[in-house]
Amino acid sequence: MVTQTLIMILTGIVAGGLGSILGLGGGIIVTPVLTIFMGYDIKYAVGASIIAVIATSSGSAIAFLKDDVLNLRVAMFLEIFTTLGALSGAILAGYFHATVLYFLFGALLLFQAWNMWKKLRGAKSDQILTKTDPLATQLNLNGEYYDKQAKEVIHYNVEKVPGGAAVMFGAGIASGLLGIGSGAFKVMAMEDVMKMPLKASSATSNLMMGVTAAASATVYFFNGTIQPLVAVPMALGIVIGSTIGSHVMQYLPAQMIRKIFIPVVFIMAIQLIMKGMAVFN
Amino acid sequence: MDQKQINGGQKSPEEEQLAQMELVIGKIMRAGVLAALAAMIIGMLLLLVHPVSDPTDFPTRLGPLLVAVGHFEPMGWMMLGLLLLIFTPVLRVIVSIVAFAKIHDHLYTTITILVLVILALAIAYGYHVG
């Protein structure tokens, strides 16, 4: 039991570190390790995964009292849609066959990996949106952050708020149904749809994941899907890992974050598609 | 800080106040996470002293959970830690409501209250179904 606990803590450290750097919940690492390497039932892997999501998100508060990069208004406004999605997802989970969704979301992630790869070859840096959008202005969503890399304050505007909100609702459903943080979808909603800079999108996504996951985690907690002997050592490891990760993140250039991001999204896509394929067997 | 001023990051007093409030939110979050971690570590230590015979036997309802915590059962403390961790994001939402109210941002006070209401509904559903 001691060896198993140590493996859980180590998995947590790796998942937490990568998760906070990439703005992901760490569930992509947790779920395959538990199911493929440790032979756990997928049900308990999902339960541990949702805890991993919250530990990554909340754990960053240990390292930083305040994240200057995140946009609190964008986070709270979009959380209306992610929490509604997570609640719908948690309710649907009782009726739905999730394998079909694994397939759909896997395909969507493939698109995202391709999209990011295309961007990597194209634009040199983040395109800052200077055009003003009436709805974004009305909702006071435009923001700024101090970029430690560029050593300057980046002012940015956002656009296409309804589109971003729609993608966030979908991200919430995925989170509630599958027990994932769906950070990739959240970053996609903010960066690709709303044109928020990558660093601001990643940091805001990290905060949002915790709030979204809290909605579905209570369902998993009360129905006994969260196994304490798995989830507790994992959560402890994640807090250690995300503390390290969040310190490193601010000093990494956007391009490098993207380079790490692409294979992670790709692996996640393949993993999800393979789960979806299981339906046809 | 100086850098920000040089680069023309002219923040309004309300925005400065919100930045200050975010610091308070961070402190409360840190306390919440530390409380969750403390309960988890106590649970792990209790596990070393009293190994559990059945790994699938753990409390999921509030009553039995509190009883298990009172009896210093390892699973009880581990579950308490997990529950506290799950509630840390909710704590952030609650403190954010206060933060927005303090800077008289009525729009965002309302938006954040709405998020809390949705979370409360989700928790009620979870407990009811579980």
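What follows is a conversation about how some descriptions of this predicted model are reached.

Colleague: Why are helices α7(A) and α8(A) called roughly antiparallel?

Modeller: Helix α7 (residues 161–178) of chain A and helix α8 (residues 183–193) of chain A pack at an angle of about 170°, with their axes 8 Å apart. Angles over 145 degrees count as roughly antiparallel, and therefore α7(A) is roughly antiparallel to α8(A).

Colleague: Which residues of α7(A) and α8(A) meet, and what makes up their contact by class?

Modeller: On the side of α7(A) the residues include Gly163(A), Val167(A) and Ala171(A), and on the side of α8(A) they include Phe185(A), Lys186(A) and Met188(A). By class, this contact of α7(A) with α8(A) has nine nonpolar, three polar and one charged residues.

Colleague: How do you know that strands β1 and β2 of chain A pair?

Modeller: Two strands pair if DSSP finds at least two bridges between them; β1 (residues 143–147) and β2 (residues 152–156) of chain A have five bridges, in the antiparallel sense, so they count as paired. In one of these bridges, Tyr146(A) has Val153(A) in β2(A) as its partner. The two strands form a hairpin with four residues between them, and Lys151(A) in the turn has a positive phi of about 55°.

Colleague: What makes up the contact of chain A with chain B?

Modeller: Each chain, A and B, gives 47 residues to this contact. Among the elements of chain A that each supply at least two residues are α3, β1, β2 and α9, while α4(A) gives the largest share, 12 residues. By class, the side of chain A that touches chain B has 33 nonpolar, eight polar and six charged residues.

Note on methods:
Residues are numbered from 1 along each chain as its sequence is written. Chains are lettered from A and ligands numbered from 1 in the order in which they are written. This is a predicted model: local features need pLDDT of at least 70, side-chain atom pairs count only at pLDDT 80 or more; totals for chains, interfaces and linings use all residues. Two residues are in contact if their C-beta atoms, placed from the backbone, lie within 7 Å. Ala, Val, Leu, Ile, Met, Phe, Trp, Tyr, Cys and Pro count as nonpolar, Asp, Glu, Lys and Arg as charged, and the others, Gly among them, as polar. Axes are lines fitted to C-alpha atoms, for helices over the stretch in contact, and angles run from 0 to 180 degrees between N-to-C directions. Angles under 35 degrees count as roughly parallel, over 145 as roughly antiparallel, 65 to 115 as roughly perpendicular and the rest as oblique.
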